[in-house]
Amino acid sequence: MSRALAYVVEVGEITPIEGADRIELAHVRGWTVVIKKGEFKEGEKGVYFEVDSKVPENDERFAFLANKGYKIKTMKLNKFRVYSQGLLMPMREFPEFSSCAVDTDLTDKLGVIYAKAEDNARKAEFDNNAMYSSMEQRRANLFKKRWAKWMMRRTWGKKVMFFFFGKKKIDNKKFPTQFKYIKKTDQARIENMTWVLNDETPFIKTEKCDGSSATFILERRPLKRFKFYVCSRNVRMLPDQHTFFVNSNPYWEMAVRYDIENKLRDYLNKHKNLKYVCWQGEICGPSIQGNPHHLSRRHLFLFHMIDSEKGFYDIREAKQIWNNYQMESVPIVDENYLLPKDLEEFKISADGYYNSSVCEGDERCMREGYVYYKTTDPSFSFKNVSREYLMKKGE
């Protein structure tokens, strides 16, 4: 379920850049990458690094990225009116992987991580820093003491403190996998599945909110009992747990504020044949991803509804149900959207501003992009992220 940040690719078409003498444009899947002229030939293999990634500082092959903090970002060459997304390097730089097939994931082998620390915490299953932070918050009085602060300033000291005060208190569980239709929330990018542009089926076009994804499940148990699950992207959260967010647990904050458990219970009580029901959405607001929606408090914008019988709901049907429960959801822009054949046209269409309904009335919040749901298969979806948005966020 993890996103590949570095992998073997076959270089596609190489096109000239008008007015440029030393550089040209390589096409890799649906990505366009600026390269040195003559550095690659069409059809040869290379190693591609996606935007949002960070390469290891101790690998001399990446020394040329030192002034960029070893981070791979989106670049716009205004002079030539082209975008460069990601990094493409020749296979000769990585002879140890020369025999690897196209699409081989090299993320872990090369030590590539997410450029943002919070993404590593959010998508790498509750990292050590998050566990230490949680430990300190649960035992706030203890960790105010001078000797405890002294210990926590040292790597070995952190491990000692965690051994005595952390392990037994953290009851963090993996994302529940026992439910047939429920899976972790992660949309594939159009750049990695350009073939979908040949699909003439209408799609439902929705705005992609930028925050932290959450999953809420209510399971029917024997003897008229229920079990409630509150999950981040990767793990199940217990009520007293904290994550890398400093002040509170946003997942349980949403569960309580929106009274989600009782609303899901009401739905199950009205549908006796169901074994479980699930809502998934994006938590947006202060202390999350820089709060691009300019919200004064955290909001939950739902985008998936799933149950034990139907699986994924059509988002239009789900939106009617959410409205009845006074729940917020991502804006639906078009219910009968036909995908264009041209990738560049499609990419440009992602630029723009959010519907003010997800920005507390603010009409000038730059939009991250769109998510598209197939009208004939609600479980099939993908995203188109705005390059202008990535530029603004420095990704």
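User: What should I keep in mind about the numbering and the confidence cut-offs?
Analyst: Residues are numbered from 1 along each chain as its sequence is written, and side-chain values use heavy atoms, with hydrogens and water left out. Since the model is predicted, local features need pLDDT of at least 70 and side-chain atom pairs count only at pLDDT 80 or more, while totals for chains, interfaces and linings use all residues.

User: What makes Arg-257 and Glu-253 a salt bridge?
Analyst: The rule asks for a side-chain nitrogen of Lys or Arg within 4 Å of a carboxyl oxygen of Asp or Glu. Here N to O is 2.7 Å, so the pair qualifies. Both sit in helix H6 (residues 250-257), four residues apart, which means about one helical turn between them. Helices here are DSSP runs of H or I with at least four residues, and strands are runs of E with at least two, numbered from the N terminus.

User: Why is Arg-257 called partly exposed?
Analyst: Buried means under 20% relative accessible area, exposed means over 50%, and partly exposed is in between (1.4 Å probe, protein chains only). Arg-257 comes out at 32%, so partly exposed it is. Glu-253, at 22%, gets that label too.

User: How do you know whether Asp-314 is buried or exposed?
Analyst: Its relative accessibility is 16%, so Asp-314 counts as buried. Its salt-bridge partner is Arg-316, with the closest N and O atoms 2.8 Å apart. Arg-316 has 26%, so that one is partly exposed.

User: What does the salt bridge between Arg-387 and Glu-344 tie together?
Analyst: The N to O distance is 2.7 Å. Arg-387 lies in helix H10 (residues 387-393) and Glu-344 in helix H9 (residues 343-348), so the bridge joins parts that are 43 residues apart in sequence. Arg-387 is buried at 5%, whereas Glu-344 is partly exposed at 37%.

User: How many salt bridges are there in the whole structure?
Analyst: The search finds 20. There is also a network of salt bridges linking Asp-59, Arg-61 and Glu-96.

User: Why is the pair of Phe-203 and Phe-382 called edge-to-face?
Analyst: Rings of Phe, Tyr and Trp (its six-membered ring) pair if their centres lie within 6.5 Å; planes under 30 degrees apart count as stacked, over 60 as edge-to-face and the rest as tilted. These two have centres 5.8 Å apart and planes at 80°, so edge-to-face is the label. Phe-203 is in strand S12 (residues 203-207) and Phe-382 in strand S21 (residues 377-385), so the pair ties together parts 179 residues apart in sequence. Phe-203 is buried at 0%, and Phe-382 is buried at 0% as well.

User: What makes Tyr-372 and Phe-382 a stacked pair?
Analyst: Their centres are 5.1 Å apart and the planes are at 20°, so the pair is stacked. Tyr-372 belongs to strand S20 (residues 369-374), ten residues from Phe-382, and is buried at 0%. Phe-203, Tyr-372 and Phe-382 are among the members of one aromatic cluster, which also includes Trp-195 and Tyr-337. The count of aromatic pairs comes to 18.

User: How do you know that Lys-310 sits over the ring of Tyr-313?
Analyst: The test wants NZ of Lys or CZ of Arg within 6 Å of the ring centre and within 35 degrees of the ring normal. The charged end of Lys-310 is 4.2 Å from the centre of the Tyr-313 ring and sits over it. Arg-364 lies over the face of Tyr-353, at 4.0 Å from the ring centre.

User: What makes a set of residues a nonpolar core, and which residues have the most contacts inside the largest nonpolar core?
Analyst: A core is a set of buried Ala, Val, Leu, Ile, Met, Phe, Trp, Tyr and Cys residues joined through side-chain atoms within 4.5 Å. The largest one has 44 residues, and those with the most contacts inside it include Phe-216, Ile-260, Trp-279 and Met-327. Strand S17 (residues 299-307) gives the most to this core, with five residues. A second, separate core of 20 residues includes Val-55 and Leu-110.
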